[in-house]
Amino acid sequence: MPLSSPVKARPASAPAVENGPSNHPPTHPQSVPVMRRSSKQLTIVIKLGTSSICDEVTHEPLLSTLSMIVETCIKLRRLGHRVILVSSGAIGIGLRRLNIDKRPKRLSAAQAIAAVGQCRLIALWDELFKQLKQPIAQILLTRNDIADRTQYLNAANTFTELLDMGIIPIVNENDTLAVTEIKFGDNDTLSAITAGMVNADYLFLMTDVDCLYDKNPRSFPDAKPVEVVDDISALDVDVSSAGSSLGTGGMSTKLTAARLATSAGVTTVIAHSRHPERIFEIVAYVQTLKRESGASTPLLGTEAALLEHGFESLAIALRCATPDSAQVARSHPARHSSPPRPINMPVPLHTRFTAKPRAIRDRYFWILHGLKPHGTVVVDEGAYRALTRSDKAGLLPVGIIDVKGTFGQQECVSIAVGKRNKGEGATGYNLVCNEAGRALVNYTSVEISHIMGHHSSEIDKQLGYADSEYVAYRDNIAFFDEKSNML
Ligand SMILES: N[C@@H](CCC(=O)OP(=O)(O)O)C(=O)O
């Protein structure tokens with residue numbers, strides 16, 4: 001709906017966020033990084049937590065685990081795949097280097113130790129990878145680095161370039177610079193964002209247990225493993241146990257990471273870091289399943305390639321698995337969740353979170369996960385429907401019923417959904433969803449509080465100027481689950 005009055009520009013005095021991008025509709029599609037990869041390649045992100053990198057008490061590096069991870073990465077590379085490692089351990093290795101017993105509470109002390117540890121850590125990885133002539137690269141990120149769209153695209157392009165060059169990027173949070181506001185907080189989340197950024201096929205969260213259990217296996221010997229998760233919100237497990245004493249993650253951050261990565265189309269796996277060789281069996285198995293359900297996706301390797309690189313048993317398993325599992329798939333044509341396990345293909349203990357079929361990628365992934373919301377805009381049911389239908393609309397002021405927090409123009413906000421109270425003279429609303437999505441807004445919180453509930457043609461009257469008929473352009477709005485039918 002065009003504005004009926006000529007649009008006057010926002011006066012210089014009107015509060016807007018400093019250095020924000022210009023208030024013009026985004027050109028779409030934006031220049032997204034080109035993920036050049038052959039149809040035979042998979043992109044695999046492997047995340048290793050502190051407890052898998054150094055001993056919890058002595059902080060000595062767990063050399064055998066690290067070496068096995070290196071061998072696994074190299075074999076994946078030799079099978080033609082692209083590998084990114086997300087490695088924690090800077091603080092642990094730093095403590096060892098400086099002979100300090102315990103992680104200090106003071107932030108600046110922990111940051112100083114991380115600075116010492118990170119260079120040791122990357123030197124250690126380089127030393128190990130060097131033995132097999134594999135070049136690596138160090139990438140240290142903070143949230144700030146990806147909050148700006150151009151920097152996010154630059155980071156994604158650098159990953160692509162490195163992977164094209166056959167290099168294994170090793171990622172960690174830039175602990176030395178990151179303070180609370182700009183922290184990812186844990187490397188599970190960082191690895192999921194990395195996997196989404198490069199459109200990875202797999203994210204392996206390698207940890208000190210085999211898989212996710214329905215309760216803490218350390219306290220409950222009868223805890224049962226969870227093998228496949230199609231819907232994380234329906235999961236009924238106890239993830240209250242904390243991670244290692246040095247790391248910041250635990251099972252709950254792994255679930256957050258899995259939710260984030262699977263929404264971006266990344267199959268996410270929790271597996272034991274002492275058995276990285278299981279990655280081959282898991283990938284071979286999942287790729288076979290995907291092929292059988294009709295997806296055109298690469299296998300771990302052809303039979304010849306698997307034999308050439310010493311995977312005899314997998315080559316045989318692959319040959320034997322196909323006819324049986326094809327038969328199983330044919331006999332279960334109506335299944336919507338994962339088909340049953342092909343009986344001839346061995347698969348080790350792990351938890352697999354299936355990737356969402358409608359992956360949220362590129363610009364929408366960045367809006368949802370690259371930015372931190374500064375406030376909330378509550379929209380009514382009608383606006384929510386218009387924003388989530390297939391020919392998605394932009395957000396008009398008339399559909400907004402509340403605004404919370406203080407934010408500037410072009411900043412990121414959460415989109416909440418409210419049901420307007422009905423009845424004559426009724427005011428107010430009931431909140432239906434705290435955060436259904438996120439948006440980059442064209443108006444500040446103060447401006448939105450003046451124009452909400454009004455038609456766009458009245459913006460000028462309310463503010464004395466009008467920048468846009470939309471509070472947010474449709475390309476600047478993303479929902480966590482576009483198919484969600486909450487109303
Ligand atoms: N960036 C920190 C680790 C942060 C973290 O999430 O650790 P973890 O929970 O062990 O994966 C470091 O390198 O020490």
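Predicted model: local features only at pLDDT ≥ 70, side-chain atom pairs only at ≥ 80, totals over all residues.
Me: What makes up the secondary structure of the chain, and how many of its residues count as buried?
Reply: The chain has 15 helices and 15 strands. Of its 487 residues, 52% count as buried.

Me: Into which domains is the chain divided, and what separates their centres?
Reply: Domain 1 covers 43-290 and domain 2 covers 373-479. The centres of domain 1 and domain 2, taken over C-alpha atoms, are 37 Å apart.

Me: Why is Ser445 called buried?
Reply: Buried means under 20% relative accessible area. Ser445 has 6%, so Ser445 is buried. This residue lies in helix H14 (residues 445-451). Leaving out residues up to four places away in sequence, Ser445 touches Val403, Gly405, Thr406 and Phe407.

Me: Why is Lys372 called partly exposed?
Reply: Partly exposed lies between the 20% limit for buried and the 50% limit for exposed. Lys372 has a relative accessible area of 42%, so the label is partly exposed. Lys372 sits in the loop between helix H12 (362-369) and E11. Its C-alpha is 9.3 Å from that of Arg438, although the two are 66 residues apart in sequence.

Me: Why does Lys133 count as exposed?
Reply: Exposed means over 50%. Lys133 has 76% relative accessibility, so Lys133 counts as exposed. Its place is the loop between H4 and strand E3 (136-141).

Me: Why is Asn99 called exposed?
Reply: The cut-off is again over 50%. The relative accessible area of Asn99 is 67%, so Asn99 is exposed. Asn99 is in the loop between helix H3 (90-97) and H4.

Me: What makes the phi of Asn99 and of Lys133 worth a remark?
Reply: Most residues other than glycine have a negative phi. Asn99 is not a glycine, yet its phi is positive, about 55 degrees. Lys133 is also a residue other than glycine, and its phi is positive, near 60 degrees. Just after H2, Gly80 takes a positive phi of about 100 degrees.

Me: How do you know that the length of helix H2 is close to the expected one?
Reply: The expected span is 1.5 Å times one less than the number of residues. H2 (residues 63-78) has 16 residues, for which 22 Å is expected, and its first and last C-alpha atoms are 22 Å apart.

Me: Which residues of H2 are buried, and what covers them?
Reply: The buried residues are Thr65, Leu66, Ile69, Val70, Thr72, Cys73, Ile74 and Leu76. Their cover includes strand E1 (43-48), strand E2 (82-87), helix H4 (107-130) and helix H9 (278-292).

Me: What makes E12 and E15 edge strands in the open sheet?
Reply: The sheet has 5 strands in the order E12-E11-E13-E14-E15, with mixed pairing. Strand E12 (400-405) and strand E15 (477-479) each pair on one side only, and these are the edge strands. From one strand to the next, the twist averages 35 degrees.

Me: How do you know that E11 and E12 pair?
Reply: Pairing needs at least two bridges between the strands. E11 (residues 375-380) and E12 have 5 bridges, in the antiparallel sense. One of the bridge partners is Val403 in E12, which faces Val377.

Me: Where does UniProt place the PUA domain?
Reply: The unreviewed UniProt entry places "domain: PUA" at residues 375-472. In the model, this span is 20% helix and 34% strand, and its end C-alpha atoms lie 14 Å apart.

How values were computed:
Residues numbered from 1 in each chain as written. Heavy atoms only, no water. Domains from an automatic or database assignment. Helix = DSSP H or I, 4+ residues; strand = E, 2+ residues; numbered from the N terminus. Axes fitted to C-alpha atoms, helices over the stretch in contact; angles between N-to-C directions. Buried < 20%, exposed > 50% of the residue type's maximum accessible area, 1.4 Å probe, protein only. Contact = heavy atoms within 4.5 Å. UniProt positions renumbered as here; feature names shortened; annotations may be inferred.
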